Amino acid sequence: MKIKAAKTALVALVALLAASLAYGQTATKKSGKDARNGFESVPKRALVELKAAVGKPIDTGLVFVNGKYMPPPYKVERYGTAIRINGMQVSNQVVPWDEFVKTQSGVKIEKTVEGGEDEDEEAEEEIEDEEEEEEESVDDDDDFDDDIDDLFDDVPAAKKNSGPAKGGKSTLATSKKAKVRKPVEVITVTLDGEFKPNEKSNGLLAKINKERTDIDMLLRGGGYVCFGRSYRRVSGDSRPAGEILAKLPGIMKANSDYAKFAAAMRENSLSYLTGPVIEDLFKNRVDYLQLAKRARDEKETKEWEKMAGGGR
């Protein structure tokens with residue numbers, strides 16, 4: 001019996017995990033975000049029409065994605081309308097696919113309005129229904145409490161809040177108010193037929209390619225790049241990258257409190273890393289191990305190169 005019960009519990013746990021994963025995938029699909037790091041997903045049509053452009057491997061530079069350190073080598077890629085490094089998307093769409101579609105002769109642009117009086121009325125009706133359900137629920141709970149009191153007559157009954165008069169609405173129900181939603185204009189861009197590159201679309205594509213090239217060249221020069229889902233990329237050349245590699249691991253290791261961590265970043269002249277970047281780095285403090293190893297390896301390499309150069 002115990003074995004059977006254990007098997008039943010295991011099956012239930014697997015089902016729960018599967019349902020959780022399915023929910024996560026559905027939520028990601030609806031929100032249009034990349035499942036791994038939260039960046040805006042690239043439309044499939046953009047990938048088909050624009051394809052990708054991949055650079056050669058890079059052994060230098062520092063890359064952080066949402067505060068998470070990504071070790072080299074790096075391959076910087078234009079992935080449709082976004083940027084990827086080592087197969088991971090690290091940016092939102094540099095130029096939205098809709099802008100490419102607008103350059104086509106067969107484009108259809110539709111404007112609709114969401115929200116307003118009709119939806120407000122529906123929201124009020126839904127809240128009224130919820131209020132009725134809550135009233136019934138409150139009444140049921142009172143009856144249940146009375147039954148419990150009957151079972152334990154020798155236990156003093158707790159004082160109950162005086163409820164509303166019969167037929168009135170409870171405080172719980174009347175505390176809800178309908179949220180008024182302002183009308184929002186939604187623009188839908190669709191393309192019927194084949195996508196044909198032209199001067200305008202080529203100009204947009206060149207803008208994304210330049211973004212890829214700039215990042216590629218920055219890393220080849222030993223610079224750093226911090227990508228984040230909620231902020232524009234923060235980057236710099238080899239000098240600040242060297243400071244980050246030398247100072248950040250120790251700050252990460254020594255400070256488990258965010259206020260002290262942020263203060264240490266300022267004291268060590270790393271405040272050019274913006275507030276959101278510093279918050280992301282704090283959340284990924286465990287990366288100090290990889291960063292410290294990277295710093296040691298680079299120091300040893302420079303010492304060997306210096307020794308080899310001096311012996312010639």
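## Helices α8 and α9

Axes are lines fitted to C-alpha atoms, for helices over the stretch in contact, and the angle between two of them runs from 0 to 180 degrees between N-to-C directions. In this predicted model, helix α8 and helix α9 (residues 275-283) have axes 10 Å apart and pack at an angle of about 125°. The crossing of α8 past α9 is right-handed.

On the α8 side, the contact is made by Y258, F261, A262 and M265. On the α9 side, G275, I278, E279, L281 and F282 take part. Sorted by class, the residues of this contact are seven nonpolar, one polar and one charged.

## Helices α7 and α8

Helix α8 (residues 258-267) also packs against helix α7 (residues 238-254): their axes come within 10 Å and cross at roughly 160°. Angles over 145 degrees count as roughly antiparallel, and α7 and α8 are therefore roughly antiparallel to each other. Here too the crossing is described as right-handed, with α7 passing α8.

From α7, the residues L248, I251 and M252 meet F261, A264 and M265 of α8. This contact has six nonpolar residues, no polar ones and no charged ones.

## The four-stranded sheet

Four strands form an open sheet in the order β3-β2-β9-β10, and the pairing is mixed. Strands β3 (68-70) and β10 (231-236) are the edges, each pairing on one side only. On average, neighbouring strands of this sheet are turned by 20° against each other, direction ignored.

Within the sheet, strand β2 (residues 62-65) pairs with β3 in the antiparallel sense, over three bridges. F64 stands opposite Y69 of β3. In a regular strand, side chains alternate between the two faces of the sheet.

## Helices across the sheet

Helix α6 (residues 199-220) lies across β2, β9 (224-228) and β10, and runs at about 35° to β10. Helix α7 lies across β2, β9 and β10 as well, running at about 70° to β2. α7 therefore has a roughly antiparallel partner in α8 and also lies across strands of the sheet.

Strand β1 (residues 52-54) and strand β4 (residues 76-79) run antiparallel and are joined by three bridges. A53 stands opposite R78 in β4.

β4 also pairs with strand β5 (residues 82-85), again in the antiparallel sense, over four bridges. Y79 has A82 in β5 as its bridge partner. The two strands form a hairpin with two residues between them, and in this hairpin G80 takes a positive phi near 65°.

## Confidence in the model

The average pLDDT of the protein chain is 79, and 67% of the residues score at least 70. Over residues 9-31 the pLDDT is below 50, and this stretch has three contacts in the model beyond near neighbours in sequence. The pLDDT is also below 50 over residues 134-176, a stretch with 22 contacts in the model beyond near neighbours in sequence.

Where pLDDT is low, the predicted coordinates should not be read in detail.

Notes
Residues numbered from 1 in each chain as written. Predicted model: local features only at pLDDT ≥ 70, side-chain atom pairs only at ≥ 80, totals over all residues. Heavy atoms only, no water. Parallel < 35°, antiparallel > 145°, perpendicular 65-115°, else oblique. Left-handed = near helix turned anticlockwise from the far one by under 90°. Contact = heavy atoms within 4.5 Å. Nonpolar A, V, L, I, M, F, W, Y, C, P; charged D, E, K, R; others polar. Pairing = 2+ DSSP bridges. pLDDT = per-residue confidence, 0-100.
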